[in-house]
Amino acid sequence: MGIPWGDGLLLFRDGFRRDVAVAVLLTILLGIAVAAGVAWATDAYFGETVTGLLGEAGEYDLIVQVREEAKGAARAEMGRVLRQLPGAKVKEGLAIAGKVNFFVALPAELRTRRVFESIGTYFNGLPGYAGYTFIIEPSLTVRGVPAGAQPLLLPQIEDLPGVDFAFRHGESITAVLKDAGATSSVNASLRRLLRRYQVVEVRLPLGYQTEDLPALSERIVNRLRDQFHPRTAVDITGGEGGDDFQAFVSTLAEVRRFLEGYASRVTVRLQGWEPLRPGDEVVAQGSSSVPPVVGERVRSDHLRVRIQAVEGQTARGLVVEGDPAPYLQSGAGLDQAALTAYRVVKGDEIGPQVGLIRVENERWRIIRNLEESLRMVEQLHGLAAEARGASEEVLAALEAYDRTREELRQAQEVLQQVNAGLEGPLAQIRQSDVDRLVAELNRVSTSIGSLISQVEGVGAAPAPGQSELSSVLNRLNPVVQILAGFRKQIDLFVVELQGFSRLSRSTGVVRELLGQMEQAAGSTLEAMQGVDTATLRLQLTSVLERLEALEQLDVAALKAQLEEIKAALPDLRDEEIGRSVRLIDQYIGGETLPGQSLSLLLDRDLEPAALKAAIGREVKSDRVSLFALPVGSVEPDVRGTVLHLLNSVRGTIAGLVALVFTFLVLLLDHSTVISALRRLSERRCRGANRRWWQWRPDASWLYGPLAGAAIFTGVYLGSGGRLPLLPAWGAVPVGLALGLLTSLLAERVSPVRDEQILAGEAVGLTYAQVMREIVIPAGRPGILQWLNRRRQKFK
Amino acid sequence: MRVEVKGLKKRYGRTVALNGVDLKVEEGEIAVIMGPSGCGKSTLIRCINRLVEADEGEILVGGQDVRRMSPTELLRLRRRVGFVFQHFNLVERLTVLENVILGLVLSGVKRSEAEQRGAEALRRVGMARHLYRYPHQLSGGEQQRVGIARALAQQPELMLWDEPTASLDPIMVREVLDVMQELTATSHPTMLIVTHEVPFALRAADRLVLLDRGRVVEEGPPSLVMARPRSELGRRYRDLWQAHLADLSQQEIAGQKRTISACRRKLAQAGS
């Protein structure tokens with residue numbers, strides 16, 4: 001069949017090719033004029049507007065913004081402010097977005113770093129004050145300079161040729177130039193300066209604990225200096241603390257930490273070979289009556305847990321759905337089925353078993369403890385009274401103890417006297433001595449008995465003062481045991497003694513008995529004297545005083561306070577906490593928290609990978625994240641920025657006009673040519689019974705895209721068009737696409753009848769004559785038709 | 001201008017339009033090509049001035065092989081060949097006269113001379129009163145007469161007629177056939193006429209060519225073809241012609257009866 005578009009190309013013989021070429025060329029020139037003209041008009045209009053807004057170049061130094069409703073008061077106050085800046089002028093500008101702009105011009109002597117750095121202090125007292133913007137001209141501003149890096153950069157900027165002085169404001173350094181002509185050279189110098197540095201933000205791994213961040217930072221800097229020998233290695237972390245956003249993120253991080261501490265801590269003891277990773281979800285029975293079944297869907301009352309960390313065979317996570325209460329209340333009493341955790345797969349399906357679940361919750365413990373405390377407080381007065389009674393009993397026991405000791409000492413004296421009276425071979429014990437001795441020993445025995453019963457009675461002391469009482473009783477108890485033994489000895493001795501008068505025992509035997517008794521009394525007395533009853537009494541007195549203070553407590557108020565604390569505890573469900581933590585993680589980037597990051601100012605040529613390795617070694621973790629950022633970016637002054645913006649707008653408008661213009665021209669002019677080409681190409685294939693896959697492009701499919709590419713590329717580049725995301729070379733494919741679209745639409749827009757072409761051919765017209773006399777005049781009005789009129793014989 | 005076609009073949013995709021056509025038409029001869037729809041008549045006639053490119057074969061017009069002509073030679077040939085289309089193919093934006101002289105003026109004839117020749121051609125087809133009308137202001141028959149005038153204005157040595165009456169209603173067919181009849185009787189260019197009008201063909205043709213499925217199945221003087229057709233197609237045309245003649249006889253008898261009745265009525269009236 002030959003080239004399918006061979007017949008179509010016949011159209012371009014006999015001079016019509018030149019007609020088309022001239023038309024395309026003229027179209028491009030006209031398109032450039034139209035696109036550039038519209039863009040220029042827009043540019044000029046907005047340029048005028050900028051001058052109207054900002055005044056002439058260099059006229060004003062700053063714009064002070066005031067809320068519109070306070071305009072009158074601010075205007076009045078402005079006079080007072082300007083008296084502090086003698087020679088300064090002010091002009092009230094337009095109100096934009098509810099704010100009135102006051103343009104302030106400072107005299108030359110006040111255009112200094114000191115004044116500019118403190119300019120806010122002059123104006124922040126204005127009613128409705130809403131901030132200020134520097135519009136100093138000529139100037140260049142380096143934005144996004146971390147506060148810590150500013151002291152290093154400022155003097156270097158001031159040393160640049162063409163810079164008059166520089167000043168800091170917020171995260172920016174503005175270089176005021178000596179002359180507008182120096183703008184481009186200073187701009188280049190600033191960019192070169194900034195290219196020498198990089199800000200490296202080091203984020204320490206989650207959970208990394210360090211008591212002294214500055215010290216760590218210093219260690220890291222020293223290591224980097226030792227390893228890389230950079231010209232600059234400075235810790236600038238501290239200089240960034242004042243940033244509002246950092247504060248906000250820090251607060252969020254604290255909220256996250258609070259929530260995590262407050263939430264149920266779920267631990268999954270992993271079993272088998274089913275690995276878990278952070279971010280996976282597991283499910284357990286929870287408060288549901290139905291345990292999870294592999295392959296079924298997760299129920300809403302199942303306990304769903306999102307895994308946060310996995311260490312060895314233990315995974316930790318947060319509840320994201322369901323109620324963990326059964327695990328907290330029943331603890332280990334739950335059966336195996338309830339404790340088994342399963343992986344969640346495919347979003348909502350119960351997967352294989354992964355391990356056993358355990359849930360702990362500090363909030364639940366706090367509430368339990370508060371409830372206990374409330375019960376305690378209610379019993380406090382009663383307990384204090386009981387403790388007081390017990391303390392008084394112990395005091396009484398101490399009294400009895402002292403008394404018993406005294407009586408024992410007296411009994412010992414009597415024993416000694418009686419024993420002394422038995423000196424000599426013929427000495428015999430007298431009845432009166434025996435009676436006296438018996439009476440004395442019975443008294444001691446009675447006292448000991450009384451003391452023992454008193455001490456035993458004190459045994460169950462209540463909580464308040466319990467430790468002190470126990471301490472006293474613990475001191476007394478061993479002695480009381482000794483006393484109990486001694487009392488038995490006394491009772492036996494008394495029985496023996498009462499028998500002496502009847503049995504007339506030998507003096508030797510009596511003396512031996514008396515000696516044994518005397519020895520026992522001596523050792524018992526010695527044991528009793530080992531207890532410092534005075535100190536014990538002082539302890540008890542102190543306990544009594546405290547108990548007295550306890551009894552005076554306003555228990556009702558205390559109870560109310562505890563109730564209030566209990567009520568004040570956030571009523572958050574675990575799934576709410578889990579979701580909140582997930583949201584915060586998403587917002588603050590998950591693994592690292594503010595406060596756990598460092599900022600370093602380093603030479604630009606240091607490789608982040610090498611830095612990361614060195615820092616990782618210093619913090620002993622390979623999970624350090626590292627971000628290398630530029631130290632700032634150079635921006636022109638406000639007018640320059642606006643003009644730059646306008647230039648972009650101009651480019652965009654030119655690009656859009658080029659796009660519309662090209663499409664219109666293609667539709668109006670070239671769709672006729674495309675239709676004619678298609679008629680000629682089709683004539684060869686007429687009647688061919690083709691399937692869709694046998695379709696082949698004819699000349700019209702070549703002509704449209706080529707014309708589109710030529711026209712759009714020419715107009716777009718010629719008019720300085722700049723569409724977002726469309727580089728210069730991108731004009732070609734866009735033009736091709738426009739041409740292709742035109743090829744698709746051509747026969748609807750400008751249909752050409754084959755009969756008319758045939759009529760021309762039949763009477764011996766060339767294709768160019770057919771186009772000039774028949775096809776183009778019958779087409780849509782356009783440049784091609786307009787040009788054609790000159791060559792047309794039948795007008 | 002003599003026309004000779006040898007082994008002409010043309011396909012449109014899988015469709016065979018002409019399958020080896022051989023044909024000779026002597027200078028000044030009127031050849032009428034007939035055949036069923038889709039048999040390749042229009043393709044054949046369009047191949048002769050290369051409005052359609054043939055695939056194989058030879059087309060000799062005035063002794064020159066049309067298929068080997070350069071573009072310039074082809075243009076020159078077309079200016080000597082008149083072509084009348086089935087659908088008139090007039091340029092809508094041009095007047096009747098402009099349509100007629102379009103080819104002349106663009107081939108270099110002076111405008112005044114072209115207009116004179118155009119007006120004359122239009123007069124011959126009875127359209128002298130409509131020189132400055134536009135095609136859409138004319139009836140179908142009038143438009144076809146303009147189409148014929150356009151061909152005549154070329155002062156052609158060969159006229160190709162591609163079913164000139166096929167798009168017209170019966171009344172307009174009569175208008176156009178009258179013009180054609182007059183032209184065939186008075187003009188002497190070689191003519192190739194594609195038509196379905198059997199009576200016209202038999203009256204006007206020097207040679208009748210029957211075409212079927214892309215081949216010439218029968219050709220010769222019309223009287224011979226109708227008297228002794230050798231092909232099925234020829235027999236069908238003969239039957240058609242005889243039916244037409246019978247119909248005409250019936251009409252004549254009815255007309256004579258009506259005349260006699262009218263005379264009798266007049267005589268009766270005169271007698272009374």
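1. Aromatic pairs. This is a predicted model, and 10 aromatic pairs are counted in it over all chains. One of them joins Phe116(A) and Phe165(A). Their ring centres are 5.9 Å apart and their planes meet at 15°. The pair is therefore stacked, since planes under 30 degrees apart count as such. It links distant parts of the chain. Phe116(A) sits in helix α4 (residues 113-117) of chain A, and Phe165(A) in strand β6 (residues 163-169) of chain A, 49 residues apart.

2. Burial of that pair. Phe116(A) has a relative accessibility of 1% and counts as buried. Phe165(A) has a relative accessible area of 9%, so Phe165(A) is buried too, the limit being under 20%. Phe165(A) also pairs with Phe167(A). Here the centres are 6.3 Å apart, the angle between the planes is 35°, and the pair is tilted. Both Phe165(A) and Phe167(A) are buried.

3. The cluster. Phe116(A), Phe165(A) and Phe167(A) belong to one aromatic cluster, together with Tyr132(A) and Phe134(A).

4. Charges over rings. Two cases deserve a look in chain A. Lys91(A) lies over the face of Phe103(A), 5.4 Å from the ring centre. Arg678(A) places its charged end over the ring of Trp701(A), at 4.6 Å from the centre.

5. Largest cavity. The structure holds 2 cavities of 30 Å³ or more. The largest contains about 40 Å³ of space. Its lining consists of Arg306(A), Gln308(A), Leu318(A), Val320(A), Gly578(A), Val581(A) and Arg582(A). In chain A, β12 (303-311), β13 (314-321) and α18 (574-588) each supply at least two lining residues. α18(A) gives the most, with 3 residues. By class, the lining has 3 nonpolar, 2 polar and 2 charged residues. Which domains contribute at least three residues each? They are domain 3 (215-253 + 574-636) and domain 4 (264-360) of chain A.

6. Second largest cavity. Its volume is about 30 Å³. Leu668(A), Asp669(A), Thr672(A), Ile776(A), Gly779(A), Arg780(A), Leu784(A) and Gln785(A) line this cavity. At least two lining residues come from each of α20 (638-685) and α25 (783-791) of chain A. The largest share, 3 residues, belongs to α20(A). The lining divides into 3 nonpolar, 3 polar and 2 charged residues.

7. A cis peptide bond. Glu137(A) and Pro138(A) are joined by a cis peptide bond, with omega about -5°. Pro138(A) lies in the loop between β4 (129-134) and β5 (139-143) of chain A.

8. Positive phi in chain A. Leu725(A) is not glycine, yet its phi is positive, near 65°. Its place is the loop between α21 (699-718) and α22 (731-749) of chain A. Is Leu725(A) buried or exposed? Leu725(A) has a relative accessible area of 88% and is therefore exposed, the threshold being over 50%.

9. Positive phi in chain B. Asn89(B) also has a positive phi in a residue other than glycine, near 50°. Asn89(B) is found in the loop between β6 (81-84) and α3 (96-106) of chain B. Its relative accessible area is 3%, so Asn89(B) is buried.

Notes: Residues are numbered from 1 along each chain as its sequence is written. Chains are lettered from A and ligands numbered from 1 in the order in which they are written. This is a predicted model: local features need pLDDT of at least 70, side-chain atom pairs count only at pLDDT 80 or more; totals for chains, interfaces and linings use all residues. Side-chain values use heavy atoms; hydrogens and water are left out. On a 1 Å grid over the protein atoms alone, a cavity is a set of points where a 1.4 Å probe fits but cannot get out, and a pocket is an open set with protein on both sides within 12 Å along at least five of seven lines; lining residues have an atom within 4 Å of a point. Grid points are joined across faces, edges and corners, and a volume is the space filled by probe spheres set on the points. Helices (H or I, at least four residues) and strands (E, at least two) are DSSP runs, numbered from the N terminus. Ala, Val, Leu, Ile, Met, Phe, Trp, Tyr, Cys and Pro count as nonpolar, Asp, Glu, Lys and Arg as charged, and the others, Gly among them, as polar. Domain bounds come from an automatic or database domain assignment. Buried means under 20% relative accessible area, exposed over 50%, partly exposed in between (1.4 Å probe, protein chains only). Rings of Phe, Tyr and Trp (its six-membered ring) pair if their centres lie within 6.5 Å; planes under 30 degrees apart count as stacked, over 60 as edge-to-face and the rest as tilted. A charge sits over a ring if NZ of Lys or CZ of Arg is within 6 Å of the ring centre and within 35 degrees of the ring normal.
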